[in-house]
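Colleague: I would like to go through this model term by term. Tell me what each label rests on.

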Amino acid sequence: MHGRSLPRIAFGIVALAAGFSLPAAAQDAAPVVVELYTSQGCNSCPPADTLLGELARQPGVIALGFHVDYWNYLGWHDPYSNKKFTYRQKEYAMALRQTGVYTPQMVVQGRRGEVGSDRRAVQQAIAEARKAKPGASVVLEKIEGSRLRAIVAAVNGAKGANVYLALFDRRHSTAIPRGENEGKTLTNYHVVREWKKLGQLEGEKAEFAITAAGEKGEKRSGAAVLVQHGKGGPILGAAVAYVD
C-alpha cells in the first residue's frame, strides 16, 4: 500500500411534478456502492483490480474504479487517473479519520474503508452495508441510445444530499512499459472516466436527464447515480445502468 478534468457532459435537471410515483423497481433492495482507489503505477493494486472485477459481476453491488494521480510521477502515467478522484479519496480520508490516502483502498457505501485486496474485509463491509436502510431511492432508466433518466426520491433524511454521476467503461487492458508494473498487462474494471455533481436533493423528489457521453461523443459503457451526504459521507442510495 502507498499513500499520498474531465470532458464536460450534457446534463439536464428537471423538477418532478407533484404526485409523481416511482416505478416498482425503486422498492427493491438498495445496491451497495464499492469504490476502488487504485493506480496502474502501484504494484500492490492488481489483486484489488481483479477483486473489483468480481464484485462488478455480483448482484446488488455497484463497483466503480477511481484511478488516482499521485502515482504518476514514478515512471508511469496512468491514462485513467484524475485529480478529481484523488480529491474524492482525500474527502473520504478526512471523513473516516484516516491519517492519509493509500492504494489500493476500497470504500464501501461511503462508510468503511478497507485495503482493496482484503477480500474478507471487503465482503464483510458489503454484508454490513446491506443491513442499513436506504436514505434515498434511485431509479436509472435508459431512454434511447446514450440518454438516460434518473429519478431520485428522499426516503429517510436525504434532503440536502448531493447527487453525483459516474460514467465508466466496463474494462480496459493496458500494457505497462515503465514503473512498478513494468512488463505487465493490467486489466481494470468499471473504470470511471467522468465524474460530475448533478445537484442536490432539495425536495422530496427530483429527476435528472443524463447523456452518457463526453463532449466529443465518446460513449461510455455505463452510468451510476449516487446520493451522498456531504463530502465523503455515507451513500444513501444509488443505481446503475449500462448503455453498451
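Modeller: Start with charges and rings: a charge sits over a ring if NZ of Lys or CZ of Arg is within 6 Å of the ring centre and within 35 degrees of the ring normal. Note that this is a predicted model: local features need pLDDT of at least 70, side-chain atom pairs count only at pLDDT 80 or more, and totals for chains, interfaces and linings use all residues. Residues are numbered from 1 along each chain as its sequence is written, and side-chain values use heavy atoms, with hydrogens and water left out.

Colleague: What makes you say that Arg88 sits over the ring of Tyr164?

Modeller: The charged end of Arg88 is 5.6 Å from the centre of the Tyr164 ring. That is within the 6 Å limit, so the distance condition holds.

Colleague: How many aromatic pairs are there in the whole structure?

Modeller: Six. Rings of Phe, Tyr and Trp (its six-membered ring) pair if their centres lie within 6.5 Å; planes under 30 degrees apart count as stacked, over 60 as edge-to-face and the rest as tilted.

Colleague: Why is the pair of Tyr37 and Phe66 called stacked?

Modeller: Its centres are 5.3 Å apart and its planes 15 degrees apart.

Colleague: Why is the pair of Phe66 and Trp195 called edge-to-face?

Modeller: The ring centres are 5.4 Å apart and the planes are at 80 degrees, so it is edge-to-face. This pair also links distant parts: Phe66 is in β4, Trp195 is in strand β11 (residues 185-200), and 129 residues separate them.

Colleague: Which residues form the aromatic cluster?

Modeller: Tyr37, Phe66, Phe85, Tyr92, Tyr164 and Trp195 form one cluster. Tyr37 and Phe66 are both buried, and Trp195 is buried as well.

Colleague: Cys42: buried or exposed, and how do you know?

Modeller: Buried, with a relative accessible area of 0%. Buried means under 20%, exposed over 50%, partly exposed in between (1.4 Å probe, protein chains only). Cys45 is also at 0%, so it is buried too.

Colleague: Which residues line the second largest pocket?

Modeller: Lys84, Tyr87, Arg88, Glu91, Tyr164, Trp195, Lys196, Lys197 and Lys231. α2 (83-95) and β11 each give two or more residues, and the largest share, four residues, comes from α2.

Colleague: What makes it a pocket?

Modeller: On a 1 Å grid over the protein atoms alone, a pocket is an open set of points with protein on both sides within 12 Å along at least five of seven lines; lining residues have an atom within 4 Å of a point.

Colleague: How do its lining residues divide by type?

Modeller: Three are nonpolar, none is polar and six are charged. Asp, Glu, Lys and Arg count as charged, Ala, Val, Leu, Ile, Met, Phe, Trp, Tyr, Cys and Pro as nonpolar, and the others, Gly among them, as polar.

Colleague: Where is Val163, and is it buried or exposed?

Modeller: Val163 lies in strand β10. It is at 0%, so it is buried. Its C-alpha is 5.4 Å from that of Gly199, 36 residues apart along the chain.

Colleague: Which residues are joined by a cis peptide bond?

Modeller: Thr103 and Pro104, with omega about -10 degrees. Pro104 lies in the loop between β5 (102-103) and β6 (105-108).

Conventions: On a 1 Å grid over the protein atoms alone, a cavity is a set of points where a 1.4 Å probe fits but cannot get out, and a pocket is an open set with protein on both sides within 12 Å along at least five of seven lines; lining residues have an atom within 4 Å of a point.
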